[in-house]
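Subject: Structure for you to look at

Hello,

I am passing on the structure we talked about, with notes on what came out of it. Please have it open while you read.

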Amino acid sequence: ATYPVKFSESIASGIPVVATKGIGDLDEVIKKNRLGVIINSLDESEYEKSYKDIVSLIENDEGLTFRLRDYAKSNLSIKKGRELYSNLYNDIKEGGL
């Protein structure tokens, strides 16, 4: 799985992201949670569309910075990671996987 560190750093800083399509599960995470925009193809028209989309998100989502930080705190923190790994290891230990 691919999950760029810059993604987590940006979100935790309250900065929306622009990501290229097909990097791990970022497409789904970004779209579902409105954390930024996805560039679907590497051509000028798509860059222009992505630029307009990110500007629109920034200008029209008054609570964007706080929402991004809250997402990071709830989903990307060390505490959350520890919890997820602990659950995984317990499942393996108990024969659940």
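Contact here means heavy atoms within 4.5 Å. The model is a predicted one.

Helix α3 and Glu 46

By that cut-off, and with neighbours within four places in sequence left aside, Glu 46 is in contact with Ile 38, Ile 39, Asn 40 and Ser 41. Glu 46 belongs to helix α3, which covers residues 44–60. The helix has 17 residues, and from its first C-alpha to its last it reaches 24 Å, close to the 24 Å expected at 1.5 Å a residue.

Which residues of α3 are buried? They are Glu 46, Ser 50, Ile 54 and Leu 57. Viewed down the helix axis, the buried residues of α3 fall within an arc of 70°, so they line one face. On the other side of α3, the exposed residues are Glu 44, Ser 45, Tyr 51, Lys 52, Glu 59 and Asn 60. The cover over the buried residues of α3 includes β1 (17–20), β2 (36–39) and α4 (64–75).

Although buried, Glu 46 has no salt bridge. Its nearest side chain of opposite charge is that of Lys 49, 5.0 Å away, and a salt bridge needs the side-chain nitrogen within 4 Å of a carboxyl oxygen. Lys 49 instead forms a salt bridge with Asp 53, where the closest N and O atoms are 2.7 Å apart. Lys 49 and Asp 53 are separated by about one helical turn, because they are four residues apart in α3. Both residues of the pair are partly exposed: Lys 49 at 41% relative accessibility, Asp 53 at 30%.

The strands

β1 and β2 run parallel and are joined by four bridges. Ala 19 stands opposite Ile 38 in β2.

How many salt bridges does a search of the whole structure find? The search finds three. Besides Lys 49 with Asp 53, there is a salt bridge between Arg 34 and Asp 61, with the closest N and O atoms 2.8 Å apart. This pair links distant parts of the chain, 27 residues apart: Arg 34 is in the loop between α2 and β2, and Asp 61 is in the loop between α3 and α4. Asp 61 also forms a salt bridge with Arg 67, at 2.5 Å between the closest N and O atoms. Through shared partners, Arg 34, Asp 61 and Arg 67 are joined into one network.

Arg 34 is partly exposed at 45%, and Arg 67 is partly exposed at 25%.

The backbone at Arg 34 deserves a look: phi is positive, about 50°, although the residue is not a glycine. Most residues other than glycine have a negative phi.

Asn 33 lies in helix α2 (residues 26–33) and is partly exposed, with a relative accessible area of 24%. Not counting residues up to four places away in sequence, Asn 33 touches Arg 67 and Tyr 71. Ser 74, in helix α4, is partly exposed at 39% relative accessible area. The C-alpha atoms of Ser 74 and Arg 34 are separated by 15 Å, the two residues being 40 apart along the chain.

Regards

Note on methods: Residues numbered from 1 in each chain as written. Predicted model: local features only at pLDDT ≥ 70, side-chain atom pairs only at ≥ 80, totals over all residues. Heavy atoms only, no water. Helix = DSSP H or I, 4+ residues; strand = E, 2+ residues; numbered from the N terminus. Buried < 20%, exposed > 50% of the residue type's maximum accessible area, 1.4 Å probe, protein only. Lys, Arg positive; Asp, Glu negative; His and termini not counted. Expected span 1.5 Å × (residues − 1). Arc of directions from axis to C-beta. Pairing = 2+ DSSP bridges.
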